[in-house]
Amino acid sequence: MKSLIQLQQYRKCIVFFMLGVMCSALAFVTYVINPVNTIVQHKLKMSPSSLIFSLWRKPPIGIYINVYIFNITNAEAFLNGEEKILKVEEIGPYVYEETLENRNITWNENGTISYIPKRTVQFRLDLSVGKPEDDYVMVPNIPMLGIFSSLHNAGFFVNYPFAQLTNFLDSKPILHISVQDYLWGYDDSLVSLAGTVVPSYIDFKKFGLLDRMYDEGENLINMNIKENEDMVEERGRYLSIESINGNAGLANWGYVNVEGNESRAENTRCNSIRGATEATVFPSKMDERAVFRVFRKAFCRPIPIVFEKRLDLHGLPGFQYTIPDNFADPPELNPDNECFCREKEEKECLKRGLLDLTPCYYNIPAAASMPHFLNADPTLADGIEGLSPEPAKHSTVIILQPNTGIPMYVHSRLQTNLVMRETQYNSKIAPFNGLTVPLFWTDLEIASLPDDLMLLLQLGINVAPLVQLVSLILLALGGLASICWSLLRALLIVQEEQQRQEAADAERRDSTDPRIPLDYGQYTAIRILPAIKKITSKTDLFV
């Protein structure tokens with residue numbers, strides 16, 4: 001009975017103590033497991049049902065290609081020799097919206113997936129300065145100039161017939177054509193006939209600048225989906241390219257395909273695409289030290305991007321990346337570019353700031369640079385008027401969300417140029433000799449993410465972790481408070497009981513009340529018999 005009464009006294013303390021222990025244990029488990037991060041990382045793991053897979057398979061992000069064309073304003077005076085400077089003006093933008101869908105997806109047992117990317121573009125008149133079909137420009141005749149430049153050291157018996165052919169067809173070094181034809185190609189009788197004269201040099205029927213960018217064909221890409229521990233290490237990096245059409249490198253830059261772990265001296269980081277990324281999505285939990293090489297077939301080579309700074313964009317943390325200043329330096333300044341020096345036997349590589357695109361442009365000597373020759377050799381602008389490089393307008397800016405690896409803001413800017421060598425046998429194109437002629441530049445833009453995706457990122461990155469942190473703190477504080485309260489309450493009960501017991505004992509000692517304490521503050525009374533008289537006779541016993 002006594003134990004039951006004691007249990008009733010301490011029941012509330014025991015309940016609160018157990019509740020405190022449970023809250024504290026739950027707070028500890030939440031801290032260790034981090035369920036929000038666990039769920040987010042699960043959704044970011046490439047699998048058929050994951051969020052990142054659906055974003056990668058068909059990105060819901062608006063990708064726009066802003067095209068700016070260099071229109072020649074003094075064509076007649078320049079060709080006649082009246083003016084030695086080629087004057088150009090920038091016209092644009094002509095905006096195309098790009099849609100990407102990765103098709104024929106196969107999940108391989110070796111931790112990779114294979115797929116065929118399909119890109120399509122649609123013209124956006126609402127964002128452009130005019131209709132490409134209606135707007136006309138004065139632009140270099142790229143096939144004519146390019147073929148002569150590529151044949152500059154081919155000798156008399158190749159150059160002379162071609163020069164006579166251009167004279168016969170009355171081909172002009174500068175054309176007045178529509179923007180549509182300039183970007184997407186047009187039929188040219190010179191190209192058709194030249195292909196029969198020098199087929200080893202000319203293997204195309206028409207030439208268009210954007211047509212070259214999007215004439216990728218069907219390419220089978222193999223991508224790694226195994227997570228490596230060190231993101232700084234490029235080889236085996238999560239979501240990086242393993243091979244394209246079975247090749248881990250670019251044959252047009254000297255890569256030799258090998259089997260197994262065989263190594264070749266020709267195969268370097270310069271001509272390898274293994275470890276590069278298509279830049280649709282990047283690994284989560286990004287490391288500032290990691291350098292990414294972005295590859296698209298239109299680039300003709302991987303282009304590196306490096307971390308620049310941390311920032312906040314629309315309330316989300318971001319890592320800002322840019323193209324390094326030395327990305328187009330010659331090999332003596334940047335050894336990673338050694339394989340791109342196609343004329344190193346002649347010790348005549350392209351100038352600083354130019355990337356050779358020749359193998360990807362029908363062997364026409366084209367080169368990429370930053371727009372308006374930003375950060376390039378200043379002599380490239382010699383002989384050209386109308387260029388004004390501005391870092392804020394012409395540099396590349398890529399902002400990635402580091403928790404998820406999703407691009408939030410992109411301005412990837414590159415200019416395509418025609419490299420003119422010292423040609424002979426045709427006086428029409430002599431004014432172009434030695435020039436690097438700017439043709440057009442593009443700005444691949446992601447201005448913002450869709451509202452629903454932005455809301456999802458806000459919930460996963462800002463709201464959910466905050467709710468989890470507040471819940472963890474409340475659980476920890478509540479648990480600690482419950483444990484402390486239960487212990488203090490139990491101590492007070494013990495003290496109160498001791499005080500009551502001591503008070504009862506003191507009162508019993510000082511009182512004449514003939515009561516006997518039974519316990520728990522209860523007493524009972526007993527009857528005290530009167531004093532027995534002294535017995536003096538037998539009769540006293542019966543009185």
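A salt bridge is taken here as a side-chain nitrogen of Lys or Arg within 4 Å of a carboxyl oxygen of Asp or Glu. By this criterion, Glu98, Arg119, Glu278 and Arg296 are linked in a network of salt bridges. The structure is a predicted model, in which local features need pLDDT of at least 70 and side-chain atom pairs count only at pLDDT 80 or more, while totals for chains, interfaces and linings use all residues. Residues are numbered from 1 along each chain as its sequence is written, and side-chain values use heavy atoms, with hydrogens and water left out.

**Salt bridges**

The structure contains 16 salt bridges. Three of them are listed below.

| Glutamate 90 | Lysine 393 | 3.6 Å |

Helices (H or I, at least four residues) and strands (E, at least two) are DSSP runs, numbered from the N terminus. Glutamate 98 lies in strand 2 and arginine 296 in the loop between strand 8 (292-294) and strand 9 (303-313), so this pair ties together parts that are 198 residues apart in sequence. Residues are classed by relative accessible area as buried (under 20%), exposed (over 50%) or partly exposed (in between), using a 1.4 Å probe and protein chains only. Glutamate 98 is buried, at 5%, and arginine 296 is likewise buried, at 8%.

All 10 of the 10 residues of strand 1 (residues 63-72) are buried, so the strand is largely enclosed by the rest of the structure. Ile63, Ile65, Val67, Ile69 and Asn71 point one way from strand 1, whereas Tyr64, Asn66, Tyr68, Phe70 and Ile72 point the other way.

Two strands pair if DSSP finds at least two bridges between them. Strand 1 pairs with strand 2 in the antiparallel sense over 9 bridges, and isoleucine 63 stands opposite glutamate 98 in strand 2. Strand 1 also pairs in the antiparallel sense with strand 16 (residues 436-446), over 6 bridges; in this pairing isoleucine 69 stands opposite phenylalanine 440.

**Backbone geometry**

Most residues other than glycine have a negative phi, and most peptide bonds are trans. In strand 2, which holds proline 93, the peptide bond from glycine 92 to proline 93 is cis, with omega near 10 degrees. Asparagine 245 has a positive phi of about 55 degrees, and lysine 285 has a positive phi near 50 degrees. Asparagine 245 is located in the loop between strand 7 (241-244) and strand 8, and lysine 285 is placed in the loop between strand 7 and strand 8. Asparagine 245 is partly exposed at 40%, whereas lysine 285 is exposed at 52%.
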